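Take a look at the model before reading on.

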Amino acid sequence: MHIVACVKQTPKSDNVKIDKETGCLIRSGTESAMNPFDEYALEEAVTLKEQAGGRVSVITMGPPQAEAVLRDSVARGADDVYQLGDRAFAGSDTWSTSYALSKGIEKINALHPVDLIICGKQTNDSDTGHIGPQISAWLNIPNAAFVKKIVRLNEKSIVVERLTEDGSEVVELPFPCVISVVKEISNPRVRSIKGRLNAKRATITVWTADDVAADKSKLGIQNCPTRVVKSFVPKREITSVVVEGSNGKEKGAKLVTLLKEQKFI
Amino acid sequence: MALQDYKNVWILAEVQRGKLSPTALELLTAGRKLADDLGEKLCAVLLGHNVRPFAQELIDYGADIVYVCDDTQLENYIDDVYAKTLADMVKTYQPNKFLIPATNRGRALSAKTAVFVGTGLTADATDVTINKEDGQLYATRPTFGGNLMATITCARTRPEMCSLRPMAYEKAKKQAGRTGEVIAVPFQREKFTSAAQFIEFIKSNEGGLDLSEVDVIVAGGRGLGKAEGFALLQKLADRLGGAVAASRAPVDSGWIDYRYQIGLTGRTVRPKIYIACGISGQIQHTAGMSGSDVIIAINKDPNAPLMKTAHYAVEGDLYEVIPAMLEALH
C-alpha cells in the first residue's frame, strides 16, 4: 500500500516568545522541528508499511528550510519526500494550504496510486485541525479525524477508532481516504543510524504551484479566504488572596474556612 | 450574489447520542448577540435522526428559525454525509455568518464544509464580534499555545465560518413564550453520500463524572511528581462532589489519560471551583480553565504564574495542604 504522510515544520516549543509591545513573534532563537502531532502520523504510516508492505511518501509545504523536516522524515522511515516550495504558497490559510497539499497528493498519486493519507490532528503553532478534513474535501474522499487507533486494515479499506468527547466511534473507510491522528496512535521511534544516513543522501523533490497544476487564484496571502487582522498578547486576570499560615497544614485548613465563609462549598 | 445579500446568523446545534449538546446553548448566546448587532435573524441547524423535538427548545433559548434535516442516514456521524448536507443547506439558504462548536466532530465537520462551500473558516475562536463599520465577523482565537491571540476575518466570501470553543460562552437562558419558525429540509439520499461506514460507538469506560458538567474540578500538574498523586486529588474531588483533571505534563508523563487534559490542546472547562495542584499555570493550561468562577492554586513555588492570577493562592506542598483540607472538610 502507498501511504502519504503530511508534515509541517513548526517552532519546537509552543512557549514561543512574544514581543509584548508589538505582539509579534520573536523568531530568532526559536528552533524548528516537525510538528509533534505529525511525528505520530509519520510513525503510524511507517508502522503500517512494515505490516502491510508498500511505501511511505511524505509531503510538506514550506520555505526552503522546511526541507529539514523531510530529511527527518527519511530518517524516521519515509521512502520518498516532496516539498511544495513556491512564493505563491506563502501566507496561505488552512483552506489554501489544504488545496495546495491536495494538488501535491494528486501528483504523487499519478506517480504511485495513493491508498491512505495521514495527517497529525493539528499543528502546535496554529491548532486548527483543519488540514486533514479539508484535504479529503478537495479530493472528495472519505475521512476521519481524531483517530486514536487502527482497528484493522485490509487491501481495500481501513477500520479506525476515533475519539469523541464521550468515548470513541469505530468507522470503516475504503481507500483512498484521509485520517488525522492523535497522540495515542503511536510512539515515535528513535531514528536509526541507517535512517540518518539515508536522510543525508535523500533526494528532495521540490514542486512549484505550476508543477502540481494548482490554481494560483486559490493560493497565498492575497487569495486565501481568511486573514489575520490583529494579534495581541492575552491579558491575564489579577486579584489574588494569599492564604496565610505557618505551614501547609494550617494553610489547607484556612483555605477550607475561607471557602466556607464565601459559601463556595 | 453580492455579499450583502447573505443574511442571518447560523449556529449548528450539535446532537450527540440523542442528546442536545450543551454547546448549542453556548452558540445561541454568541449568535444572538451577533444577530442583534446585525439586525438579522438567529437560525439554528439541527442534523440527525429524531432531532425534530429539539427545535422548540432552541427557539426557547433564542433561535428565530430552526432548520431541521432529520433522516436515518444522519443517525451517526459520517464526515462526508454531514458536510455535504450542511454545505447544501448553506448554498440554498445563504447565511451571513455560521458558528459551529469546536468539538471533535465540529472541528472536522466545519473544515470539510468550508471547502465544499468555498469559504473561510476560523478555528476554535474564543470571542466573536461584529465589526461596526463593515459588518464583518471578527473571530479571535489563541495561537502559538495561547501565547498570542489572533483576530481573523474573512472579507470576500460568505458565510464567514467559525468554530467556537466549547465553554467560551455561557449557556443561553430560557425565555418563556418565545416563538419561531421551524423549516424542514429534505435529506437527499442520492446526493449526500459517503463510501465510509459507521460501525459502532464505544462509550468511555473510564467512568467518573463528565468534566464539562461538574461544579468542582481538582486538577494536578507536574508538581504532583507521580501518578499516585491523582489518588489524593480524587479523594478531595470525591469530598467536594467533583472530578479530577490534569494539565499537560502529567498526561505527557503517562500518569493520566489524555481525556482529562485541560488546556489549549485538551478540553476547556468552566466549573464553579477549580483547584490547581502543582500546576504552574502556563497559558497552555489557563486557556482551558480561566473561565472558572473561583480558581485556587496550590503550589510550592510562589512565583508560579497561576499563583499571581488565582483567586486564592496557597504556597505549600500539596501533599500537606490537601490532607489538611480533607481533615477540615471531614
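## Terms and model

Axes are lines fitted to C-alpha atoms, for helices over the stretch in contact, and angles run from 0 to 180 degrees between N-to-C directions. The model is predicted.

## Where the chains touch

Chain B brings 72 residues to the contact, and chain A brings 70 residues. On the side of chain B that touches chain A, helix H4 (residues 104-117) of chain B gives the most, with nine residues. That side of chain B holds 37 nonpolar, 22 polar and 13 charged residues.

Strand S13 (residues 241-242) of chain A pairs with strand S18 (residues 312-315) of chain B in the parallel sense, over two bridges. Here A:Val242 stands opposite B:Ala313 in S18(B).

## A sheet with strands of both chains

An open sheet of 10 strands has the order S11(A)-S5(A)-S4(A)-S1(A)-S6(A)-S10(A)-S7(A)-S8(A)-S9(A)-S13(B). Its pairing is mixed. Strand S11 (204-207) of chain A and strand S13 (197-203) of chain B are the edge strands, and each pairs on one side only. From one strand to the next, the twist averages 30°.

Within chain A, strand S1 (residues 2-6) and strand S4 (residues 55-61) run parallel, joined by five bridges. A:His2 has A:Arg55 in S4(A) as its bridge partner.

## A helix across the sheet strands

Helix H3 (residues 94-111) of chain A lies across S1, S4, strand S5 (80-84), strand S6 (116-120) and S11 of chain A. H3(A) runs at about 145° to S4(A).

Key
Residues numbered from 1 in each chain as written. Chains lettered and ligands numbered in written order. Predicted model: local features only at pLDDT ≥ 70, side-chain atom pairs only at ≥ 80, totals over all residues. Contact = placed C-beta atoms within 7 Å. Helix = DSSP H or I, 4+ residues; strand = E, 2+ residues; numbered from the N terminus. Nonpolar A, V, L, I, M, F, W, Y, C, P; charged D, E, K, R; others polar. Pairing = 2+ DSSP bridges.
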